[in-house]
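Dear colleague,

Please find below the structure that I am handing over to you, followed by an account of what was found in it. I would be grateful if you could read the two side by side.

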Amino acid sequence: MESEEVVMDALDGTETEKKKVALMRVRVEAQDPTAKDVDDKALRRFLRARNLNIEKASALFLKYLKWKREFVPKGFITESEIEVEQAQQKVFLPGYDKTGRPYSLILAGRHFPTRGARGVEQFKRYMVYCLDKTCAKVPRGHEKFCSIVDLEGWGYANFDLRGYGGGIAILQDCYPERLGKLFFVHVPYVFTIAWKLIYPFIDERTREKLVFVDNKNLKSTLLEYISEDQLPEIYGGERPLVPLQDE
């Protein structure tokens, strides 16, 4: 599965996909002229996310355009909008995997949610900020990134169901087919309980990309995907951790 994903990541698409992208473009531009500003690769990601169903992919894409106008009116998230989230220094971009895709590292035990609607909104904005930073690192010939979610020290004080649900929805609906693989490491038992509440928010395509890594095989498993010179020092590699905002 991994090799197939990487190949699909690097290709310009099959002839069937190209034809369907062209048809999808006609459909979405007729309903929202701003779709003209979006390239075919982006349309193709939405198409793949809906198993090449033009009608469903178009609906998802049009929903995304509306969301972007309302949620990110400037086209990007400013650091002044996410000061509380940034101060926790919980997201990093250490390097690239063996296929050339960038990967992020999330230290989930550093996430202490701000309660209420305001906290959820700020977390969602931080999610968009992180995704945009990560996608900007994706090199030509690739479309996806990978992530490591480190749950060491995670407990109920870090649990944020509304924030997680909102973040997952943004990843799946607004950045479809961007995630290549997501590794969960240092998973505590308490998280397995919370996972039952999180899991229903995750669609089937995303579930296929999730890997829970056993502590005994942590370094060896990560080294299957990430070379030692790109692996963070905290996992026995050579890369220092630099907070996302300092990139």
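**Findings**

Glu177 is buried, its relative accessible area being 11%. Please bear in mind that this is a predicted model. Glu177 sits in the loop that links helix H7 (161-174) to strand S4 (179-185), and its phi is near 60°, a positive value in a residue other than glycine. Most residues other than glycine have a negative phi.

A positive phi also occurs at His186, where the angle is near 50°. His186 belongs to the loop between S4 and helix H8 (189-198). With a relative accessible area of 22%, His186 is partly exposed, because the buried class ends at under 20%.

An unreviewed UniProt entry annotates residues 81-243 as "domain: CRAL-TRIO".

I turn next to the pockets. The largest pocket has a volume of about 510 Å³. Its lining consists of 22 residues, and those nearest the centre are Tyr64, Lys68, Asp132, Cys174 and Tyr175. By class, 14 of the lining residues are nonpolar, 2 are polar and 6 are charged. At least two lining residues come from each of helix H3 (40-49), helix H4 (54-71) and helix H6 (117-135); H4 provides the largest share, with 6 residues.

Yours sincerely

Technical notes:
Residues numbered from 1 in each chain as written. Predicted model: local features only at pLDDT ≥ 70, side-chain atom pairs only at ≥ 80, totals over all residues. Heavy atoms only, no water. UniProt positions renumbered as here; feature names shortened; annotations may be inferred. 1 Å grid on protein atoms, 1.4 Å probe; cavity = no way out; pocket = protein on both sides within 12 Å on 5 of 7 lines; lining within 4 Å. Points joined across faces, edges and corners; volume = space filled by probe spheres on them. Helix = DSSP H or I, 4+ residues; strand = E, 2+ residues; numbered from the N terminus. Nonpolar A, V, L, I, M, F, W, Y, C, P; charged D, E, K, R; others polar. Buried < 20%, exposed > 50% of the residue type's maximum accessible area, 1.4 Å probe, protein only.
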